[in-house]
Amino acid sequence: MNAILSKYIMGEAIDRPGAAGYVLIMIGIGVSAVGLPKATAAFSADDMLRLAVRPGAIIYLSAMLGIIASLSVFVHRFERDFPLRPAAVVAVDGSPSSASPPVPPRGGVEGIPEGKLFAAHVFFPVVLSSYETIAQLCIKGASSMMLVSTTEHGNQRGRPVCFGVVALGAATTFQAVLWLRKTYSRFDPNTTLPIEYACLTISTNFGGIVWFEEHKQLSWEDWVLVLVGESVLLLGMVWVAIAKHRQRERELAAGASGASPDRQDPQELTPL
């Protein structure tokens, strides 16, 4: 949907490989959703504590935090080496103001080596989706305990586990908001948004399976659907990243030759 709106509202061209990546991500989300459990289990505070100390949950949370920590190091160095520049100040008559030197309108990707730019296009949304995943799992856990509070198990809202889940959810939600601004103030949403959604879907699906024991509700047919859907999502994410990278290379080549990047082979574009 974001790609379609960008094309018809902002006039952005979408090449066929990029469009194929978007379609793959949509298919992956749909296929995996069919295989996931439909019933919602309710967990008390004691259940949440039991789930949190299992080896699978510890490995999953450690992997999520490891992804955040390791990729954040790259992002910190990337922002240090290539700081985001503000847009040029424009005078009332439409001419650039003399008070500000002219800079590219977006100022987010100009002059960055293609290898680092390709990695950044992937790493920024991956970190963002990791924070969103933990926040969503915390919301799911808190909602589950609120549901249990209406049963014979009694009120769960005053339990330390409930406070801990809510606090972790609030902290990761705050970080997700910061990373939303960090990511989309610099990069084209047509690339980063599909990668973000694909990573978020993969990590939340496996988070429910591993953390909330949803694997107990899956038949072997459901497992096939989930794994096929996740594989298609991963393929679509990689496809979009590579398509954007190649589109950027064509734009740079066209700029170096003095030709307009819009006058590329029409077979490379899709009308959606």
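## Basis of the model

The structure is a predicted model, in which local features need pLDDT of at least 70 and side-chain atom pairs count only at pLDDT 80 or more, whereas totals for chains, interfaces and linings use all residues. Residues are numbered from 1 along each chain as its sequence is written, and side-chain values use heavy atoms, with hydrogens and water left out.

## Overall fold

The protein chain has 8 helices and 0 strands, and from the N terminus on its elements run α-α-α-α-α-α-α-α. Helices (H or I, at least four residues) and strands (E, at least two) are DSSP runs, numbered from the N terminus.

Of the 272 residues in the protein chain, 41% count as buried, where buried means under 20% relative accessible area, exposed means over 50%, and partly exposed lies in between (1.4 Å probe, protein chains only). The accessible surface of the protein chain comes to about 14,700 Å², and 68% of that surface belongs to carbon and sulfur atoms; accessible areas come from the Shrake-Rupley method with a 1.4 Å probe, and for residues only the protein chains shown count as cover. Among contacts (heavy atoms within 4.5 Å) between residues at least 6 apart in sequence, 81% join residues at least 24 apart.

## Packing of H6 and H7

Two packed helices are described by the angle between their axes and the distance between the axes. Helix H6 (residues 160-184) and helix H7 (residues 189-211) pack at an angle of about 145°, with their axes 10 Å apart; the axes are lines fitted to C-alpha atoms, for helices over the stretch in contact, and the angles run from 0 to 180 degrees between N-to-C directions.

On the H6 side the contact is made by Leu 180, Thr 183 and Tyr 184, which meet Pro 189, Thr 192, Leu 193 and Glu 196 of H7. By class, this contact of H6 with H7 has 4 nonpolar, 2 polar and 1 charged residues, where Ala, Val, Leu, Ile, Met, Phe, Trp, Tyr, Cys and Pro count as nonpolar, Asp, Glu, Lys and Arg as charged, and the others, Gly among them, as polar.

## Salt bridges

Side chains of opposite charge can pair when their charged atoms come close. A search of the whole structure finds 7 salt bridges, each defined as a side-chain nitrogen of Lys or Arg within 4 Å of a carboxyl oxygen of Asp or Glu. In one of them, the side chains of Arg 50 and Glu 213 meet at 3.4 Å, N to O. Arg 50 lies in helix H3 (residues 45-52) and Glu 213 in the loop between H7 and H8, so the pair ties together parts that are 163 residues apart in sequence. Arg 50 is partly exposed, with a relative accessible area of 37%, whereas Glu 213 is buried, at 11%. Phi of Glu 213 is near 55°, a positive value in a residue other than glycine, and a network of salt bridges links Arg 50, Arg 54, Glu 213 and Lys 216.

Another salt bridge joins the side chains of Lys 182 and Glu 79 (3.2 Å, N to O), and this pair links distant parts of the chain, with Lys 182 in helix H6 and Glu 79 in helix H4 (residues 55-81), 103 residues apart. Lys 182 is partly exposed, with a relative accessible area of 25%, and Glu 79 is partly exposed, with 26%. The side chains of Lys 140 and Glu 214 also meet in a salt bridge (2.4 Å, N to O); Lys 140 lies in helix H5 and Glu 214 in the loop between H7 and H8, so this pair ties together parts that are 74 residues apart in sequence. Lys 140 is partly exposed, with a relative accessible area of 35%, while Glu 214 counts as buried, at 13% relative accessibility.

## A buried serine and a nonpolar patch

Ser 144 is found in helix H5 (residues 114-148) and is buried, with a relative accessible area of 6%. Leaving aside its neighbours within four places in sequence, Ser 144 is in contact with Ala 41, Ala 42 and Phe 43.

On the surface, Phe 118, Leu 234, Val 238 and Ile 242 form a nonpolar patch, with about 300 Å² of accessible area together. Patches are made of residues with over 30% relative accessible area and no salt bridge, with like charges joined within 9 Å and nonpolar side chains (Val, Leu, Ile, Met, Phe, Trp, Tyr) within 5 Å. Helix H8 (residues 220-257) gives the most to this nonpolar patch, with 3 residues. Ile 242 has its place in helix H8 and counts as partly exposed, at 33% relative accessibility.
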